[in-house]
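Thank you all for coming. Please bring up the sequence and the model on your screens, and we will go through them together.

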Amino acid sequence: MTTLAEEISDLAVRAGAPEADLTILAEGNAAVLDAANDRFLVKASGVVMGEATAEDWVWVSLSKSVEILESAHKSGRTPALDSALDAILKSAVTPSGVTKKASIETLVHVVAFHLLESSWSLHTHPTPVVALAASKDAAAHYSGTVFPDESVICGPIPLYLPYDEPGLSLGLGFYSGALKYREQYGMSPRQIILGNHGLCTFGNGKEEALATTQIAVKAARVRLGALTAGGINFIPNSAAQTIAFRPDEVARRKLLTGDSK
Ligand SMILES: [Zn+2]
């Protein structure tokens, strides 16, 4: 039987392949939830995605991480919460029990598991997405979707978040942004663009998380092409919502992403 650590290594190796242009060196990370045991596996700090093996992943407590996130959301970031987060990251252990520090971006995945009904979470730095996310009008470039499969696979409305420092600030901004989005639209975002930073996608299987990233990267290239051709013409928002929730498209999304759950 394949272990979760082996499965997530497979995802990381595919996402980290040089030709995918999603990450370079130790950029990006991924995580997978083990709900029955209130824990998740996340990439250890400094590991190269494309070379990840089972011992490059560490277990972290979900409820302890959520506690930090919720305290910060309620009363703001404090040095005590920074230290508590650091302690959790430093006490993480690999599948065979070796202590290794978890990624500084771990809280992004905590939000995916706690708030976005996902069990797989992928965070990368694809060049075309970062180009748009580093542009002056980044938020405007992500105010809609640009072709039907983007609406179906990545959701009808992207969530763009301004730059935050990796660590508790990034986690807090991500949590607040996702909460606000859910209040506003009554659904979870399926692609989250981090200003001057990268992309986050989710799924209930690794194929769904990866396919959503691949479509999001294509959609970023389309935006860049449209900008050089005079400007982006988004699919009207109501049409994007309609196609994203049509039963045949929902069924097709499941087929496309290779997950039957
Ligand atoms: Zn990152």
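I will speak about the sheet, then about one of its strands, and then about some of the helices.

Please keep in mind that what you see is a predicted model. Let us begin with the sheet, which is open and is formed by seven strands in the order 3-2-1-4-7-6-5, with mixed pairing. As a reminder for those new to this, strands of a sheet pair through backbone hydrogen bonds, and they can do so either parallel or antiparallel. At the edges stand strand 3, residues 57-61, and strand 5, residues 159-161, and because each has a single partner strand, one side of each is left without a neighbour in the sheet. Neighbouring strands here are turned against each other by 20 degrees on average, if we ignore direction.

Now please look at strand 7, residues 198-203, which runs antiparallel to strand 4, residues 120-124, and is joined to strand 4 by five bridges. Among the pairs you can find on screen, Thr124 has Leu199 as its bridge partner, while Ser121 has Phe202. Strand 7 also runs antiparallel to strand 6, residues 191-194, with four bridges between them, and there Gln191 stands opposite Thr201. The hairpin of strand 6 and strand 7 has three residues between the strands, and in this hairpin Asn196 takes a positive phi near 50 degrees.

Is strand 7 enclosed by the rest of the structure or left open? Six of its six residues are buried, so strand 7 is largely enclosed. Both of its faces are covered, with Gly198, Cys200 and Phe202 buried on one side and Leu199, Thr201 and Gly203 buried on the other.

Let us turn to the helices. The axes of helix 2, residues 62-75, and helix 4, residues 106-114, come within 10 Å and cross at roughly 100 degrees, and these two helices are therefore roughly perpendicular to each other. On the side of helix 2 the contact is made by Leu62, Ser65, Val66 and Leu69, and on the side of helix 4 by Thr106, Leu107, Val110, Phe113 and His114. These residues divide into six nonpolar, three polar and no charged.

Finally, helix 8, residues 168-185, has 18 residues and at 1.5 Å a residue should span 26 Å, which agrees with the 25 Å between its end C-alpha atoms. Its buried residues, including Leu172, Phe174 and Tyr181, pack against helix 2, helix 3, helix 4 and strand 5. After helix 8 comes Gly186, with a positive phi near 70 degrees.

Definitions and conventions: Residues are numbered from 1 along each chain as its sequence is written. This is a predicted model: local features need pLDDT of at least 70, side-chain atom pairs count only at pLDDT 80 or more; totals for chains, interfaces and linings use all residues. Two strands pair if DSSP finds at least two bridges between them. Axes are lines fitted to C-alpha atoms, for helices over the stretch in contact, and angles run from 0 to 180 degrees between N-to-C directions. Angles under 35 degrees count as roughly parallel, over 145 as roughly antiparallel, 65 to 115 as roughly perpendicular and the rest as oblique. Two residues are in contact if their C-beta atoms, placed from the backbone, lie within 7 Å. Ala, Val, Leu, Ile, Met, Phe, Trp, Tyr, Cys and Pro count as nonpolar, Asp, Glu, Lys and Arg as charged, and the others, Gly among them, as polar. The expected span of a helix is 1.5 Å times one less than its number of residues. A residue is buried if 20 or more other C-beta atoms lie within 10 Å of its own, exposed if 12 or fewer, and partly exposed in between; C-beta atoms are placed from the backbone.
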